[in-house]
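Subject: Structure handover

Dear colleague,

Please find the structure below, together with the sequence. My notes on what was found in it follow.

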Amino acid sequence: MNQQLIFTDTPGAELDRIVDAMGRPQTVVVADVNTARLVVPALRRQSRTLSDAPVLTILAGDAHKDTNGLQYVWHGLEELGATRRTLIVNVGGGVVTDLGGLAAATFKRGLPMVNVPTTLLAAVDASVGAKTGINFNGYKNLIGAFYEPAASLISTCFLGTLPRREFLSGYAEMLKHALLDSNEALSELLRHEPDFYAGGGDVLLDMLRRSVAVKARIVEQDLHETGLRKALNLGHTAGHAFESLAMARGEALPHGYAVAAGCVVALILSHLRLGFPSGALRLFASYVTRHYGPVAFTCDDYPALLGFMAQDKKNNAPGRIAFTLLEDVGRPRTDIVIEPDNIKVALDIYRDLSGI
Ligand SMILES: NC(=O)c1ccc[n+]([C@@H]2O[C@H](COP(=O)([O-])OP(=O)(O)OC[C@H]3O[C@@H](n4cnc5c(N)ncnc54)[C@H](O)[C@@H]3O)[C@@H](O)[C@H]2O)c1
Ligand SMILES: [Zn+2]
């Protein structure tokens, strides 16, 4: 991975340093309507480069991570006379880093870019690695490219305005990283309330550093997702199924909430299949239930949930449902195929543990 990961209280000043090192190219910001209003002005005050940089503002939310948004950025770049040296600075959550990243990857066959993540999820997940993309024809991230940013400037200074459920959603990905990391990392997260940050702080920046290191270490070994990177899919097989079920019912379930519940299901299967310790499972499940609430479903929903899991694009063989599981905290095993009846048992236990 060539991407620089910079942890800082002053991302604007770091950006100036990078821009100077690049010979001060033209710089264009990509933001969404919320970050253009809530973050870009503060960032401009920290950065000489950004003080008069044009901003291309897309609509907010995953529903707008689409061809319209991408075309809007392409048009903007063309009108601004962007050349291959033009630096794109993505200021936003995963929607901006994914869409702005794909625009940077494709305009004139690739412009340099820097990510300034403004959500917890983008800081620990979407802005790190090389995946860019948009949704297409009803499918998530169907069109995309592996394209590395020059740097990701990770800070806590913009998280104060983040809605609580967005903060919690990102915290779930941190919980996932901690499960892949160590008992020590996990107990550090479980010791805190997920909204303890109260506007940022050094403790949170340290936690981000540790969380990002887990993703960076795995991506480093498998940049193009041929094997090991599937470890990062922990909690996502059941998680995506919960998200799809909620979508089919017209309910909103944030991605991280679904992942938190999906991690509980993965730990139950890990316990049944690989002897994952029951004490750690119980602690994790009770934390998730307390802070995220249960995902509500009944056994009538099992066929639909299994159907969604079978469609997961990380499955190797059609119709077989494969999970990333843990032998213990920090010891992932990928591609573990679980029979539908055993998945139903795990869903039963999930409902017992979360009191639904
Ligand atoms: N490329 C990857 O590896 C990767 C990994 C995980 C997720 N993703 C993608 O990331 C996206 C989700 O990212 P997300 O959760 O950051 O969503 P998001 O970008 O939609 O941000 C969530 C909401 O918070 C708002 N917001 C952002 N920063 C803010 C701030 N500082 N203060 C107030 N509001 C703010 C946004 O405008 C939006 O309404 C999905 O599209 C997902 O597919 C990509
Ligand atoms: Zn995720």
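Strands β9 (residues 322-328) and β10 (residues 331-337) are paired antiparallel through five bridges; two strands count as paired if DSSP finds at least two bridges between them. Helices (H or I, at least four residues) and strands (E, at least two) are DSSP runs, numbered from the N terminus. L326 has P332 of β10 as its bridge partner. Two residues separate the strands of this hairpin, and G330 adopts a positive phi near 85°.

The model is predicted: local features require pLDDT of at least 70 and side-chain atom pairs count only at pLDDT 80 or more, while totals for chains, interfaces and linings use all residues. Residues are numbered from 1 along each chain as its sequence is written, chains are lettered from A and ligands are numbered from 1, in the order in which they are written.

A second hairpin is formed by β6 and β7, with two residues between them, and N137 in its turn has a positive phi of about 55°. Five bridges join β6 (residues 131-136) and β7 (residues 139-146) in antiparallel fashion, and T132 has A145 as its bridge partner in β7.

The protein chain is assigned domain 1 (4-162) and domain 2 (221-353); such bounds come from an automatic or database domain assignment. The C-alpha centres of the two domains are 31 Å apart.

Ligand 1 has 29 residues around it, of which N34, G93, G94, V95 and T119 come nearest; a residue is near a molecule if its C-beta atom, placed from the backbone, lies within 6 Å of it. The shell comprises 10 nonpolar, 12 polar and seven charged residues. Here Ala, Val, Leu, Ile, Met, Phe, Trp, Tyr, Cys and Pro count as nonpolar, Asp, Glu, Lys and Arg as charged, and the others, Gly among them, as polar. Helices α2 (33-38), α5 (94-106), α6 (120-126) and α7 (164-181) each contribute at least two residues to this shell.

Helix α7 also packs against α11 (residues 255-274) at an angle of about 30°, the axes being 7 Å apart. Axes are lines fitted to C-alpha atoms, for helices over the stretch in contact, and angles run from 0 to 180 degrees between N-to-C directions.

Yours sincerely
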